[in-house]
Amino acid sequence: MSSPLLQMERARLIAEEVLVHSSVRVVDLVERFGVSGETIRRDLELLEQQGVVRRVYGGAVDARQSPVQLYHSRKRHRVAAKRAIGALAASLVEDGETIIIDVGTTALSFAMQLFEKKRLTVITPSLQVALLMKRNSDARVIVTGGELEDDEPYLTGPIAEGVFERFHANRAFIAAGGLSLDRGLTDYNDAEVQVRKVMLKSASQIIGLIDSSKMGVRATSVIGDITALDMMVTDSGIAGELTRGIQESGVEVLVAEVTEEE
């Protein structure tokens with residue numbers, strides 16, 4: 001076990017990072033400090049006891065911020081990469097298609113690139129995506145219904161899952177909190193994961209929208225194997241070795257060039 005002095009110093013640095021970025025991930029802190037995940041979780045437990053953070057799956061968030069504030073802080077993270085991914089993914093969509101759009105900030109960036117498409121039918125559990133498409137396009141928008149989550153404006157549960165079981169789309173655009181060759185597609189919110197598992201069966205083509213910061217991340221709940229995807233759209237930060245591994249699994253990889261600095 002690390003000494004109290006070292007833990008106090010790490011905790012101070014972690015608290016500073018939460019103050020700046022609103023959230024931290026265990027996997028990033030393990031890499032930064034060169035300690036085990038168990039050690040980082042003890043640090044986060046200490047900070048939670050002090051009222052500095054609120055622990056969540058895979059990390060911690062600023063205890064002073066509301067769920068809505070935390071969602072907006074994530075929208076500002078890796079904006080250029082998400083915009084590039086969204087633009088490339090939008091080029092795959094044809095007028096008149098029925099598409100599923102997942103929740104999350106990358107999915108939202110993708111939706112923002114669809115306004116010029118005509119006669120789309122959009123099925124989504126995301127209230128943000130639904131409102132965005134309804135106000136800015138001629139799309140028919142179907143919102144799943146379900147239980148409203150605390151940390152983001154989206155819907156989960158049996159009602160949401162049941163809607164995806166009733167429809168079949170041309171393409172589903174799926175997000176994930178992590179992707180690795182051994183664990184596949186993963187995320188931190190199990191209710192969200194259960195909805196995604198149904199999404200994977202509800203479209204002719206499954207396309208992952210996953211920025212390079214999620215590569216190699218193994219979140220707590222498994223959505224599905226990499227082979228559940230037909231295609232993945234990511235950004236130019238992805239490592240070449242991982243790209244080859246994904247392609248060898250039979251998944252087509254499209255890489256969006258990011259020219260802006262994050």
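Is glutamate 48 buried, partly exposed or exposed? At 28% relative accessibility, glutamate 48 is partly exposed. Buried here means under 20% relative accessible area, exposed means over 50%, and partly exposed lies in between, with a 1.4 Å probe and protein chains only.

A word on the model. This is a predicted model, where local features need pLDDT of at least 70, side-chain atom pairs count only at pLDDT 80 or more, and totals for chains, interfaces and linings use all residues. Residues are numbered from 1 along each chain as its sequence is written, and side-chain values use heavy atoms, with hydrogens and water left out.

Now, salt bridges. By that I mean a side-chain nitrogen of Lys or Arg within 4 Å of a carboxyl oxygen of Asp or Glu. Side chains of opposite charge can pair when their charged atoms come close. The whole structure holds 13 salt bridges.

Back to glutamate 48. Its partner is arginine 55, with the closest N and O atoms 2.8 Å apart. Arginine 55 is partly exposed, at 39%. Elsewhere, shared partners link Asp102, Asp187, Glu192 and Arg196 into one salt-bridge network.

Next pair: arginine 42 and glutamate 38. Their salt bridge spans 3.2 Å, N to O. How far apart are they in helix α3? Four residues, so about one helical turn separates them. Helix α3 covers residues 37-49. Helices are DSSP runs of H or I, at least four residues, strands are runs of E, at least two, and both are numbered from the N terminus. Glutamate 38 is exposed, at 51%. Arginine 42 is partly exposed, at 24%.

One more pair. Arginine 25 bridges to aspartate 28, with 2.9 Å between the closest N and O atoms. Aspartate 28 is partly exposed, at 34%.

On to the nonpolar cores. A core is a set of buried Ala, Val, Leu, Ile, Met, Phe, Trp, Tyr and Cys residues joined through side-chain atoms within 4.5 Å. The largest has 30 residues. Which of them touch the most other members? Leu179, Met232 and Ile246 do. Several elements give two or more residues to this core, including α8 (158-166), β9 (169-174) and α10 (240-248). Helix α9 gives the most, with four residues.

Look at methionine 232. Leaving out residues up to four places away in sequence, its contacts (heavy atoms within 4.5 Å) include Leu179, Ile246 and Glu252.

Last, another core lies apart from the largest one. This other core has 24 residues, among them Ile85, Met133, Phe173 and Val233.
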